Amino acid sequence: MATIYCTATSLDGFIADDDESLSWLFATVGHDQDPQGRYGDDASLDFDQFLPTVGAVVCGANTYAWVHRELTHDGSDFTWPYEQPSWVVTHRDLDLPEGVQSFTGDITDLHAAATEAAAGKDVWIVGGGDLAGQFADAGLLDRVWIHQTPVTLGAGAPLLPRRLRLERVRLARDGQFTAMLFDVVGPEPRRVGDVDGAAEVYAQQ
Ligand SMILES: NC(=O)c1ccc[n+]([C@@H]2O[C@H](COP(=O)([O-])OP(=O)(O)OC[C@H]3O[C@@H](n4cnc5c(N)ncnc54)[C@H](OP(=O)(O)O)[C@@H]3O)[C@@H](O)[C@H]2O)c1
């Protein structure tokens, strides 16, 4: 089992635009809207294959608020879309549906609880980027799985605002998305003004 940050991102590294909108994401053609395979699809990193591997779900307060807004804007009652045990990381006093708990504080404690609840499956960090970063800071983020859209946004919520080295382990085309799965290697060393030194660091890994 692994702790995986799985999200969609713009080409310039934002997971929501500066209006907290994902319209740019939903306007991107995936393989299911590309039946003739014009853009290519090897389906090996399909999100539909990811969800069954997930045993617990973790998201930040703003992501939860977005999901709530999105699923209730037409007047519908709110139903949390995932059946797995779920946590919202927040300082707010939220009225959460059954199966969703709130958590405040050190992500290490949440990791232990979510891992136990996942019972051998993966823990999915839905976002945002800083929340995934908190897991990385604690050395508890194993993988990053992104669907990159051919859109630049210029500003918005950052994908992963940390300095990390990743190793790409899979690459797939999903319509106009580029799907990539990475292992997290660890903090990326900084060698100011020492380009050759940085090259040495890579060579040693
Ligand atoms: N492209 C995609 O597939 C995708 C995926 C996920 C999210 N999104 C979008 O991206 C945006 C993400 O928003 P965001 O970057 O602001 O991130 P977020 O993680 O959703 O929310 C951040 C908030 O979570 C709370 N929080 C974080 N860590 C905490 C901790 N350790 N203890 C207690 N509370 C903690 C804080 O809120 P409080 O202190 O106010 O509670 C913090 O301001 C949203 O608009 C979301 O819809 C897009």
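## Pairing within the sheet

Strands β3 and β4 pair in the parallel sense over 4 bridges; pairing requires that DSSP finds at least two bridges between two strands. In this pair, Gly-60 stands opposite Val-89 in β4. This is a predicted model, in which local features need pLDDT of at least 70 and side-chain atom pairs count only at pLDDT 80 or more, while totals for chains, interfaces and linings use all residues. Residues are numbered from 1 along each chain as its sequence is written, and side-chain values use heavy atoms, with hydrogens and water left out. Helices (H or I, at least four residues) and strands (E, at least two) are DSSP runs, numbered from the N terminus.

The open sheet is formed by 8 strands in the order β5-β4-β3-β6-β1-β7-β10-β9, with mixed pairing. Its edge strands, β5 (100–103) and β9 (164–174), each pair on one side only. From one strand to the next, the twist averages 25°. Helix α5 packs on the sheet, where it touches β1 (3–9), β3, β4, β6 (122–127) and β9. The direction of α5 makes about 140° with that of β6; axes are lines fitted to C-alpha atoms, for helices over the stretch in contact, and angles run from 0 to 180 degrees between N-to-C directions.

## Val-89 in strand β4

Val-89 belongs to strand β4. With a relative accessible area of 15%, Val-89 is buried (buried means under 20% relative accessible area, exposed over 50%, partly exposed in between, with a 1.4 Å probe and protein chains only). Leaving aside residues up to four places away in sequence, Val-89 touches Val-58, Cys-59, Gly-60, Ala-61, Phe-103, Ile-107, Leu-110 and Leu-131; contact means heavy atoms within 4.5 Å. Leu-141 lies 52 residues from Val-89 along the chain, and the C-alpha atoms of these two residues are separated by 16 Å.

## Helix α3

Helix α3 comprises 12 residues (residues 61–72) and should span 16 Å at 1.5 Å a residue, which agrees with the 16 Å between its end C-alpha atoms. The expected span is 1.5 Å times one less than the number of residues. The buried residues of α3 are Ala-61, Tyr-64, Trp-66 and Val-67. Among the elements that cover these residues are α1 (23–26), β3 (54–60) and β4 (86–89).

## Helices α4 and α5

The axes of helix α4 (residues 107–118) and helix α5 (residues 129–137) come within 9 Å and cross at roughly 90°. The two helices are therefore roughly perpendicular to each other; this term covers 65 to 115 degrees, whereas angles under 35 degrees count as roughly parallel, over 145 as roughly antiparallel and the rest as oblique. Ile-107, Leu-110 and His-111 of α4 make the contact with Leu-131, Gln-134 and Phe-135 of α5.

His-111, in helix α4, counts as buried at 16% relative accessibility. Not counting residues up to four places away in sequence, His-111 touches Thr-3, Phe-135 and Leu-140.

## Backbone features in loops

A cis peptide bond, with omega about 5°, joins Gly-127 and Gly-128. Gly-128 is placed in the loop between β6 and α5.

Two residues other than glycine have positive phi: Glu-20, at about 60°, and Ala-119, near 50°. Glu-20 is in the loop between β2 (14–16) and α1 and counts as partly exposed at 41% relative accessibility. Ala-119 lies in the loop between α4 and β6 and is exposed, with a relative accessible area of 65%.
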